[in-house]
Amino acid sequence: MTLSINIQKHLQADERHFHLDIRFTANSNRIVLFGPSGAGKSLTLLAVAGLLKPDQGNITLHQRTLFDHDKAICLPPQQRNVAYLFQDYALFPHLTVAQNIAFGLRKNWLNPLRHFANNHPVVLKWLKLFELQVTINSYPHQLSGGQRQRVALARALVSEPDILLLDEPFSALDSSLRERMRNELSQLQLQLNVPMLIITHDPADVKAFGEEVFEVRDGRIS
Amino acid sequence: MTLSINIQKHLQADERHFHLDIRFTANSNRIVLFGPSGAGKSLTLLAVAGLLKPDQGNITLHQRTLFDHDKAICLPPQQRNVAYLFQDYALFPHLTVAQNIAFGLRKNWLNPLRHFANNHPVVLKWLKLFELQVTINSYPHQLSGGQRQRVALARALVSEPDILLLDEPFSALDSSLRERMRNELSQLQLQLNVPMLIITHDPADVKAFGEEVFEVRDGRIS
Amino acid sequence: MDNVWIPLALSLKVAGWATLLNLFFGVAAAYGLARWRSPARDLVDSILTLPLVLPPTVLGYYLLVVFGRRGIVGEWLQKWGIELVFTWQGAVIASTIVAFPLVLKSARAAFEDIDPQLQNAARVLGISEVAVFFRVTLPLASKGIMAGVLLSFARAFGEFGATLMIAGNLPGRTQTLSIAIYEAVQAGDDNTAAIMVLITSVTCVLLLLIAGRLLPKSHRRKF
Amino acid sequence: MDNVWIPLALSLKVAGWATLLNLFFGVAAAYGLARWRSPARDLVDSILTLPLVLPPTVLGYYLLVVFGRRGIVGEWLQKWGIELVFTWQGAVIASTIVAFPLVLKSARAAFEDIDPQLQNAARVLGISEVAVFFRVTLPLASKGIMAGVLLSFARAFGEFGATLMIAGNLPGRTQTLSIAIYEAVQAGDDNTAAIMVLITSVTCVLLLLIAGRLLPKSHRRKF
Amino acid sequence: DDLVVSAASSLTNAFKEIATDFEAKHPKTKVVLNFAASDVLLQQIVKGAPADVFASADQEAMDKAVTEKAIQENSRKNFANNQLVLIVPTDSQQSIKTLQDLNQPAIKRIAYGNPASVPVGRYAKAALENAKLWDAVTAKGIPAQNVRQCLDYVARGEVDAGFVFSTDAAIMKDKVKVALQIPLTTPISYPIAITKDTKQAETAKQFVDYVLSSTGQATLAKYGFLAP
Ligand SMILES: Nc1ncnc2c1ncn2[C@@H]1O[C@H](COP(=O)(O)OP(=O)(O)OP(=O)(O)O)[C@@H](O)[C@H]1O
Ligand SMILES: Nc1ncnc2c1ncn2[C@@H]1O[C@H](COP(=O)(O)OP(=O)(O)OP(=O)(O)O)[C@@H](O)[C@H]1O
Ligand code: MOO
Ligand SMILES: [Mg+2]
Ligand SMILES: [Mg+2]
């Protein structure tokens with residue numbers, strides 16, 4: 001057993017209420033979440049990453065408790081060691097592409113310098129794999145939509161995480177690029193041998209990554 | 001002849017140069033732009049909308065000159081009467097879903113009041129068509145990715161534009177919703193009978209809207 | 001207690017007018033500077049900050065030179081029967097000028113931090129430039145602007161150096177609470193001063209709290 | 001011209017220290033307030049704005065009461081051989097307190113305008129809360145903070161009411177340019193005053209221009 | 001070491017010269033002058049500012065210093081006198097021959113120091129009360145925060161007349177003219193004293209003695225002060 005999620009959360013916006021009640025245990029390492037828009041997929045990923053605190057329940061990864069309401073355990077995001085691709089990328093606007101990718105490589109109080117980022121072998125590797133070399137010194141606002149998505153993905157994958165959380169990682173890419181990146185990601189997952197939780201609307205992704213597929217509807221696994 | 005584009009633009013970020021040189025004339029009303037990430041598709045749409053000023057060339061829509069460098073014509077976005085779905089949505093964070101959709105209905109100095117927006121038949125129509133009724137009073141930060149995309153699309157389509165510019169309008173949607181919205185959009189286009197320029201990576205979109213398909217590569221039509 | 005309430009009312013009137021004027025002129029100047037593409041713009045910005053750099057009394061002195069009976073502007077105003085020296089309107093002018101840079105700088109920073117994509121989205125929807133300002137730019141900058149406006153109110157309320165010079169210290173007419181406090185302290189009347197300081201503080205804290213409540217709430221995802 | 005350069009150097013020293021102190025305390029307090037989830041936070045914020053509301057001279061008087069030889073803090077400091085009244089350090093304290101609200105309010109507005117998603121993105125990458133502050137929060141708020149810091153510098157440079165009270169008007173020791181200008185105006189020495197006003201203005205405009213150049217450029221799409 | 005002398009603003013020019021002369025005679029001593037309104041100086045000294053000598057523009061401030069035990073009472077001496085005058089702008093058309101002329105309707109504004117905190121105002125008030133004119137004058141009165149503000153208002157023609165010391169009027173001879181010398185029942189005398197907390201009583205005494213010496217008195221006379 002690798003990943004077990006059992007969480008409840010109530011959200012309210014004006015008079016609208018949304019109940020999230022996700023329960024599943026995944027025994028494989030490649031898990032796909034799919035379902036209609038607004039079903040609660042992204043919220044689930046946020047909860048696993050420690051960015052959304054459920055009202056109830058628990059989350060366990062490899063016997064390690066990330067969250068347990070009853071035992072009052074809630075590891076901060078820093079200690080969960082996840083790779084997270086945000087649906088809206090959340091790139092740092094004040095850093096270049098290379099600096100964004102290198103962000104997690106240094107945990108100290110200073111952002112990676114351009115020189116450091118531009119010459120770091122890991123950064124260069126991902127720039128190459130994701131065909132981003134020319135954009136190395138560009139800022140996020142100077143990128144196209146697909147370029148941004150690739151930078152966000154590279155930034156998430158750079159460190160060696162215990163779990164990969166990817167929210168529609170290829171949605172802004174054309175089909176040939178999408179295929180190449182899917183292969184890269186697949187290889188990386190095999191190599192790290194960590195669970196991967198991926199949200200997608202693309203049947204090809206489901207085919208590639210869906211050892212276990214969960215459908216989310218109205219906040220529940222159905 | 002409906003839409004003719006002939007524009008050149010040079011962009012620079014750090015030492016990286018990007019040359020946009022798009023020339024095509026479309027004789028049908030349903031035009032698809034496709035091509036790899038970073039090819040210049042979004043920039044082309046920005047230029048048609050009047051948000052990016054080309055260095056050279058001209059843009060003509062139904063004999064109407066939107067831009068002509070030599071004649072020093074450059075209509076402001078307000079006078080081009082376009083419907084634009086931004087790739088990153090650009091929803092107004094301080095307005096509710098209904099107010100966002102109603103934004104273009106009133107051109108005066110005040111934002112549509114909640115009451116006005118929540119009861120306007122056109123707003124209600126689009127909320128229903130795009131299955132957004134429950135989110136009527138939510139703010140963009142309280143929405144899921146797909147919900148945001150639908151609000152952005154509804155906001156663009158509400159007024160009766162002379163041209164539809166849509167930058168990957170369905171990328172964040174699941175396949176069944178995508179199909180329903182594709183039909184809605186198709187009907188709307190037929191009804192308005194205006195040119196539609198759509199960027200997409202989805203073959204199904206190309207099939208549905210691609211009376212004329214242009215491939216963009218490295219800033220050029222190829 | 002009339003010697004407290006009348007100056008308090010006057011202070012509120014003067015600071016209120018000064019804040020209104022600065023809300024208008026400060027925001028307008030900030031927007032102009034934020035949009036103006038010219039190498040001179042930072043120079044103009046710095047020059048407009050000068051009222052903060054000069055000691056208020058000195059500023060008051062120059063205001064007197066300009067707006068006094070024999071001043072360039074003052075002489076001209078007199079023809080229209082307008083007199084600023086020794087009137088509460090003079091106090092408004094002094095407070096406005098002293099507090100002006102606070103709104104200017106805060107508002108400009110707020111304007112320049114707005115994502116232009118949102119303004120573009122409004123333009124594409126056919127909204128005129130003026131309407132874009134009122135419907136998108138202003139609401140999105142409101143937090144920074146409000147910070148500046150509150151600072152400006154507080155500063156105007158506490159102003160006394162320049163005010164004393166141009167408006168004088170006429171009890172019931174131009175003696176604001178600040179001037180009254182100053183006078184009490186100068187006269188060694190510590191108790192009266194302390195009471196007035198307390199009233200000033202409570203009034204301002206209350207007003208700032210109320211103004212804070214009026215602020216638009218944040219539209220950012222927070223869990 | 002020594003009677004200009006010495007006060008100018010002193011003003012720069014005092015305003016520089018005050019700005020540094022406010023950069024530290026103002027930003028720290030603003031960050032604390034922006035993160036603190038408590039109903040008391042707006043109250044504390046308003047109270048911290050009070051130095052702006054009180055007439056500087058009155059503030060200076062209270063500083064004198066606290067830091068004077070016979071004051072609570074002053075008595076205690078004296079045991080350590082530290083004297084603040086009639087020293088330039090006293091001027092720094094006065095200027096710092098007077099200008100403090102300017103950094104506080106601007107920085108708080110800037111902090112609250114940041115998209116928390118970006119801070120979350122950093123946390124997920126394993127960056128500690130302190131590092132998130134220095135690597136994400138501070139750079140993204142830098143425009144608003146800089147606006148406040150520049151205001152605070154200008155205000156500290158122009159401060160004279162509170163300074164005069166606690167630091168006195170000792171030529172060469174605590175006579176800042178502002179106080180010197182004030183004195184010249186009081187002495188009817190209009191020419192000297194005008195020259196010093198000019199020097200103050202030019203110095204400040206230059207410093208503000210340079211500071212403006214140091215500002216990070218905008219990372220927003222603009223065509 | 002430094003000798004800190006807190007002196008009333010009206011003494012600015014005279015004391016600057018006296019300090020220079022004193023330093024010439026006592027090369028080891030540097031005199032640091034601290035000018036402000038008498039009451040500000042008083043507050044500073046009472047709260048423990050490290051001043052050595054206090055020279056006030058009137059007895060009231062010095063009396064308070066005595067009550068607060070801030071000065072050495074036996075060192076208190078009067079070192080100069082001053083005169084209260086009524087001044088008008090040089091180009092003034094009004095003819096003022098007595099204080100009663102202030103009742104003329106053509107005289108709309110009269111500036112004087114605020115009696116609550118400004119010595120010159122206290123003298124003016126006393127004189128006007130004596131002449132039973134105080135109420136009439138306050139009706140058109142502009143209370144100034146110090147004597148120089150008063151002078152400035154007259155110089156700029158913002159007011160039609162004002163009460164200042166004759167030493168102040170002398171500074172702006174080109175802009176103001178003296179209309180009346182005002183006799184007072186109590187003379188305007190400036191006291192000087194050594195503070196209680198001084199760490200250099202010796203030098204302080206030398207300075208006070210110098211002010212009272214014939215050379216010091218000559219300098220004061222040069223700036224229009226009268227002998228005590
Ligand atoms: N802050 C919030 N307050 C209230 N409701 C919210 C908030 N955030 C999200 N929701 C609602 O919760 C529901 C689930 O959101 P979530 O983002 O998980 O959807 P999703 O499955 O990722 O959809 P999509 O595929 O469109 O991204 C949506 O209906 C959304 O409107
Ligand atoms: N402000 C800018 N400065 C410099 N280069 C830019 C700027 N904006 C965009 N570019 C570059 O121009 C190229 C085209 O961008 P565009 O956004 O049009 O791509 P696109 O075809 O829409 O790609 P995608 O499918 O990934 O969205 C990209 O390589 C991009 O990096
Ligand atoms: O103490 Mo003064 O000399 O009246 O200003
Ligand atoms: Mg989602
Ligand atoms: Mg694009």
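Modeller: Start at the turn. Two residues separate strand 1 of chain B from strand 2 of chain B, and the two strands form a hairpin. Asp14(B) sits in that turn with a positive phi of about 55°. This is a predicted model, in which local features need pLDDT of at least 70, side-chain atom pairs count only at pLDDT 80 or more, and totals for chains, interfaces and linings use all residues. Residues are numbered from 1 along each chain as its sequence is written, chains are lettered from A and ligands numbered from 1 in written order, and side-chain values use heavy atoms, without hydrogens or water.

Now the strands themselves. Strands (E, at least two residues) and helices (H or I, at least four) are DSSP runs, numbered from the N terminus. Two strands pair if DSSP finds at least two bridges between them. Strand 1 and strand 2 (residues 16-26) of chain B run antiparallel, with eleven bridges. On its other pairing, strand 1 (residues 3-13) of chain B meets strand 4 (residues 56-61) of chain B, again antiparallel, over six bridges. Leu3(B) takes part in both pairings. Its bridge partner in strand 2 of chain B is Ala26(B). In strand 4 of chain B, Leu3(B) stands opposite Leu61(B).

Thr60(A) belongs to strand 4 (residues 56-61) of chain A. Leaving out residues up to four places away in sequence, Thr60(A) touches Thr2(A), Leu3(A), Ser4(A) and Thr65(A); contact means heavy atoms within 4.5 Å. The relative accessible area of Thr60(A) is 15%, so this residue is buried (buried is under 20%, exposed over 50%, partly exposed in between; 1.4 Å probe, protein chains only).

Next, the metal. Donors are N, O and S atoms within 2.8 Å of the metal (3.2 Å for Na, K and Ca); water is not among the atoms, so sites may look incomplete. In chain A, the magnesium ion (ligand 4) is coordinated by Ser42(A) (OG) and Gln87(A) (OE1), at 2.0 to 2.2 Å. Ser42(A) is in helix 1 (residues 41-49) of chain A, and Gln87(A) is in the loop between strand 7 (82-85) and helix 3 (97-102) of chain A, so the pair ties together parts that are 45 residues apart in sequence. Ser42(A) is partly exposed, at 21% relative accessibility. Gln87(A) is partly exposed as well, at 24%.

Chain A also meets a neighbour. 27 residues of chain A contact 24 residues of chain D. Together chain A and chain D bury about 2,400 Å², 63% of it on carbon and sulfur atoms. Gln78(A), Trp109(A) and His141(A) supply 29% of the area that chain A buries against chain D, more than any other three residues. Buried area is the accessible area (1.4 Å probe) that two parts lose on being put together, summed over both.
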